Amino acid sequence: MSVPTGSETLDSILDGGLPEGRTVLVTGGPGTGKSTLAMQFLQAGIDRGEECLYISTEQTFEELSDAFADFAFDLHDDDLTVTSIHATPGQTVENGDGRELTLETLEGGQMLGGDYSAPFEAKYITRYLEQFAPADRVVLDSVSGLSAIGENQDVFRRTLLDFIRLLNDEFDATALFTAEESQPGLMQDDVKTVAASDAVQFNTHGVLRLWRENVGGDYHRFIEVVKMRGVDHDTRVHEVSFTHEGLRVAPRLRTHPGEFVPGDHMSTGIPGLDHLMGGGIVRGGTLLLEHDGRASPHSILTNLLVEARDGGSAITIVPPVELPPKRLRSIIDERIGDMEELLANDQLFLVDFANIWENTKRNVFKPQEHDTDNPASVFRTVDDRRGDQSMFTVLNVEAQLPVLDDDELRQMRFWEEENLYREGDTTMYLFNPATLDDELAAFYENGSWQTLKTWVTDNGLQYIELQKSPSGYMGSTRLVEYIEDKPYMRVQQPPGAGPRRRRSTGRGAQ
């Protein structure tokens with residue numbers, strides 16, 4: 001079960017909301033919206049008639065009222081209890097006339113009454129909070145205010161784990177903790193400090209991170225789900241702004257609404273990639289596949305050729321220069337059909353700009369070697385020979401550079417689209433941006449309907465990202481792995497795209 005956060009978009013990111021009966025940490029720097037999101041979470045509960053508890057370690061009720069004055073939060077609602085806990089020097093029964101940290105409210109109220117207060121220790125804080133049980137939703141704002149409770153980080157972590165168990169198990173509540181984000185390398189008294197967020201994030205069920213970042217000279221706020229156990233959550237970064245209702249998380253959609261998305265897609269033959277792209281390649285459109293020279297595009301290319309031929313399309317290919325003829329011929333023979341028959345039957349057309357194919361056969365064109373095979377003449381011949389077949393075209397841009405310069409490549413693309421493309425014809429361009437002039441690379445990027453980028457990291461992992469598309473999970477980066485069976489490539493499912501997992505509602509130890 002999921003508990004709504006008060007933000008429709010954040011609920012969508014979290015596949016429905018916060019896990020019920022669990023504790024989630026919201027971390028971030030000052031002014032990023034941690035307290036606002038926490039109160040928005042409680043207001044969503046108030047609106048549903050749930051019992052809510054706000055525990056402040058930094059602000060009095062009056063200060064909270066002032067801080068939330070511009071928001072539609074009802075701090076006086078009967079379903080909301082606001083309390084505070086605070087460490088302050090004082091006298092305890094155990095310590096007599098001695099001075100130590102004692103437990104009080106921020107308004108100055110003592111926990112034991114009279115001239116003495118309880119020590120600022122976990123058992124007394126627990127005893128004080130127990131009077132507010134049960135509750136449906138609890139906010140602890142912030143965990144940083146409890147850092148004095150432990151003599152070291154291990155004690156602090158164990159104490160926080162006890163609090164989490166108290167709220168989740170005894171209160172039967174879904175809890176939200178806030179904490180200041182850690183500052184790497186921060187030193188105090190020649191000792192590296194550890195922020196409260198570092199101490200608690202390993203104990204909580206999930207972590208939401210808020211931060212500010214300069215974008216084009218203006219500061220913007222962002223949110224991401226760092227972790228959420230058992231939830232198929234969206235891993236992408238979203239922007240945050242303040243509204244009267246609290247935090248607005250955007251964008252709700254990164255691609256066009258359904259009425260603007262073409263309904264006909266050509267499958268890539270790779271289920272995870274189809275999900276990432278919202279169905280595959282938009283039929284009748286153009287796909288740009290960029291790679292870094294280390295991540296091979298050949299598995300994607302091969303599976304697309306298989307899907308195109310199975311769908312009855314003819315194929316025109318300008319093969320990648322790094323894919324030698326013997327290897328391409330064996331791929332086609334094994335996965336698509338007998339290459340000689342496909343060429344002879346006008347189902348396959350090969351344009352050898354790199355002039356690396358030894359034998360010239362029907363429908364193998366060599367623009368660099370034969371004057372009569374100029375590109376315009378070649379593609380017009382292909383168009384005549386294909387008859388009524390739709391066409392899937394694969395063009396490796398680098399392979400055309402021995403024959404066409406940058407301006408000629410641009411002109412050829414416009415000429416092909418204007419004179420040869422028919423409804424349902426689909427084209428894929430592929431190249432390594434590092435091998436092209438920046439302006440030429442931008443030309444293909446701007447003209448594509450969909451853009452995929454794949455690369456290999458320094459640790460040898462390959463990823464793929466949907467950078468542009470009218471549909472799918474734009475901006476989502478997914479892992480690529482190679483497998484022994486067809487389609488020989490697996491792309492990690494984007495969040496929410498695969499079969500839903502049953503989420504446990506048990507409330508055992510965190």
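Predicted model: local features only at pLDDT ≥ 70, side-chain atom pairs only at ≥ 80, totals over all residues.
## Strand pairing and the overall fold

Two strands are said to pair when DSSP finds at least two bridges between them. The chain holds 14 helices and 28 strands. Of its 510 residues, 50% are buried. Among contacts with a separation of 6 or more, 63% join residues 24 or more positions apart.

## The ten-stranded sheet

Ten strands form an open sheet with mixed pairing, in the order β22-β21-β20-β23-β24-β19-β25-β26-β27-β28. The edges are taken by β22 (364-365) and β28 (489-491); each has a single partner strand, so one side of each lacks a neighbour in the sheet. Strands of a sheet pair through backbone hydrogen bonds, in either a parallel or an antiparallel sense.

Within this order, strand β19 (residues 286-291) pairs with strand β25 (residues 450-456) in the parallel sense over five bridges. L287 has Q450 of β25 as its bridge partner.

## Strand β20 and its partners

Strand β20 (residues 314-318) pairs in the parallel sense with strand β23 (residues 391-396) over five bridges. In that pairing, T316 stands opposite T393 of β23. With strand β21 (residues 348-351), β20 also pairs in the parallel sense, here over three bridges. The bridge partner of I317 in β21 is L350.

How many of the residues of β20 are buried? Five of its five residues are, and the strand is thus described as mostly covered. The cover extends to both faces: A314, T316 and V318 are buried on one side, and I315 and I317 are buried on the other.

P319 is placed in the loop between β20 and α9 (325-336). Its relative accessibility is 7%, so P319 counts as buried under the 20% limit. Leaving aside neighbours within four places in sequence, P319 is in contact with L328, L350, V351, W357, N396 and A399. One of these, L350, is the bridge partner of I317 in β21. P319 and L301 are 18 residues apart in sequence, with their C-alpha atoms 9.9 Å apart in space.

## The nonpolar core around F392

The largest nonpolar core has 38 residues, and those with the most contacts inside it are L273, F392, M428 and L452. Helix α8 (residues 298-310) supplies the largest share of this core, with six residues. In soluble globular proteins, nonpolar side chains tend to be buried together.

Which residues does F392 touch, not counting those up to four places away in sequence? They are M266, I281, L304, L305, A308, S313, A314, I315, T316, T426 and M428.

## T426 in strand β24

T426, which F392 touches, lies in strand β24 (residues 426-431). The relative accessible area of T426 is 1%, so the residue is buried. Its side chain reaches the backbone oxygen of G424 at 3.4 Å. Not counting residues up to four places away in sequence, T426 touches I281, V282, R283, G284, G285, M391, F392 and T393.

## Helix α5

Helix α5 (residues 153-170) has 18 residues, which at 1.5 Å a residue should span 26 Å; the end C-alpha atoms are 25 Å apart, in agreement with that expectation. Its buried residues are F156, T159, L160, L161, F163, I164, L166, L167 and N168. The helix is followed by D172, which has a positive phi near 60°.

## Aromatic pairs

A pair of aromatic rings is described by the distance of the centres and the angle of the planes. The count of aromatic pairs comes to twelve. F68 and F71 form an edge-to-face pair, at 6.4 Å centre to centre and 75° between the planes. Both F68 and F71 are buried. F71 also pairs with F73: the ring centres are 5.3 Å apart and the planes lie at 15°, so this pair is stacked.

The relative accessible area is 14% for F71, so F71 is buried, and 10% for F73, so F73 is buried. Ring pairs link Y54, F68, F71, F73 and F242 into a cluster.

How values were computed:
Residues numbered from 1 in each chain as written. Heavy atoms only, no water. Core = buried A, V, L, I, M, F, W, Y, C linked by side-chain atoms within 4.5 Å. Buried < 20%, exposed > 50% of the residue type's maximum accessible area, 1.4 Å probe, protein only. Helix = DSSP H or I, 4+ residues; strand = E, 2+ residues; numbered from the N terminus. Contact = heavy atoms within 4.5 Å. Polar contact = N/O pair within 3.5 Å; in protein donor to acceptor, adjacent residues only side chain to side chain. Expected span 1.5 Å × (residues − 1). Phe/Tyr/Trp six-rings, centres within 6.5 Å; stacked < 30°, edge-to-face > 60°.
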